[in-house]
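Here are a few worked exercises on one protein model. Have a go at each task before you read the solution.

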Amino acid sequence: MSPEITLRSAREADIPGMMEISLSGDTAARWTAQQWVDIFDPQSPPRLVLVAERPGTLPKICGFLVAQLPPVGLAEGDCELENIAVDPIMRRRGLGLRLLQELLNRAQIQRSAHVMLEVRRSNETAIALYRSCGFGIAGTRRKYYQNPDEDALIMQWPLPPAAMT
């Protein structure tokens, strides 16, 4: 991956860039404008919201990740990867892997029991990425996705036992 790309915590001002990336692919979650605003609401569940950016270029944001974190003080809670996407012109450069690895690192630091996610059964690229990071299939949600209707695979990343002690 290009060394000039940096990861940072997202801000509300980043919503338009994240929405644009989300709409540019057929597999990212399609959230309403209000759902995007809600991820920054202090009353909503705690989240890790990261953006990848290329300083000095437009568009500046080239990828993002949104994950719900376990509430503070909850031992061995689960993280849920809610949304991850990379700008189509930046795909196949390791950016999705870098975003996902950052989530997994933070999950270990927080002593999360698992990282969970749903992925379209047909999204072979994403499934391969998740498997490369140690995710396994934990189940299926029938007709979870719409337009088109499709099952979701529930994938789970268990943390190493040493991280839980």
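Contact here means heavy atoms within 4.5 Å. Keep in mind that this is a predicted model.

**Exercise 1. Which elements do the buried residues of H1 pack against?**

Step 1: pick out the buried residues. Buried means under 20% relative accessible area, and in helix H1 (residues 15-24) Ile15, Met18, Ile21 and Ser22 pass that test.

Step 2: see where they point. These four cover an arc of only 130° around the axis, so they sit on the same side of H1.

Step 3: check the other side of H1, where you'll find Pro16, Glu20 and Leu23 exposed.

Step 4: list the partners. The buried residues of H1 pack against helix H2 (33-38), strand S2 (47-53), strand S3 (61-68) and strand S4 (78-86).

**Exercise 2. Work out the strand order of the open sheet and find its edge strands.**

Step 1: read across the sheet. Seven strands line up as S1-S2-S3-S4-S5-S7-S6, and the pairing is mixed.

Step 2: look for strands that pair on one side only; those are the edge strands, S1 (6-9) and S6 (136-145).

Step 3: go through some pairs. S1 and S2 are antiparallel, with four bridges, and Thr6 has Glu53 in S2 as its bridge partner. S2 and S3 also run antiparallel, joined by seven bridges; one to look up is Val51, whose bridge partner in S3 is Phe64. S3 and S4 are antiparallel over six bridges, and Gln68 stands opposite Glu80 in S4.

**Exercise 3. Which residues touch the most other members of the largest nonpolar core?**

Step 1: the largest nonpolar core has 30 residues, and Tyr130 and Phe135 touch the most other members.

Step 2: ask who supplies the core. S2, S3, S4, H3, S5, H4 and S7 each give at least two residues, with the largest share, six residues, coming from H3.

Step 3: zoom in on Tyr130. Leaving aside neighbours within four places in sequence, Tyr130 is in contact with Leu81, Ile84, Leu100, Leu117, Val119, Phe135 and Met155.

**Exercise 4. Is S3 enclosed or open, and how many disulfides does a search of the whole structure find?**

Step 1: count the buried residues of S3. Seven of its eight residues are buried, so S3 is largely enclosed by the rest of the structure.

Step 2: turn to the cysteines. Cys62 is buried, with a relative accessible area of 0%, and Cys79 is buried too, at 1%.

Step 3: Searching the whole structure for a pair of cysteine sulfur atoms within 2.5 Å turns up zero disulfides.

Methods. Residues numbered from 1 in each chain as written. Predicted model: local features only at pLDDT ≥ 70, side-chain atom pairs only at ≥ 80, totals over all residues. Heavy atoms only, no water. Buried < 20%, exposed > 50% of the residue type's maximum accessible area, 1.4 Å probe, protein only. Arc of directions from axis to C-beta. Pairing = 2+ DSSP bridges. Core = buried A, V, L, I, M, F, W, Y, C linked by side-chain atoms within 4.5 Å.
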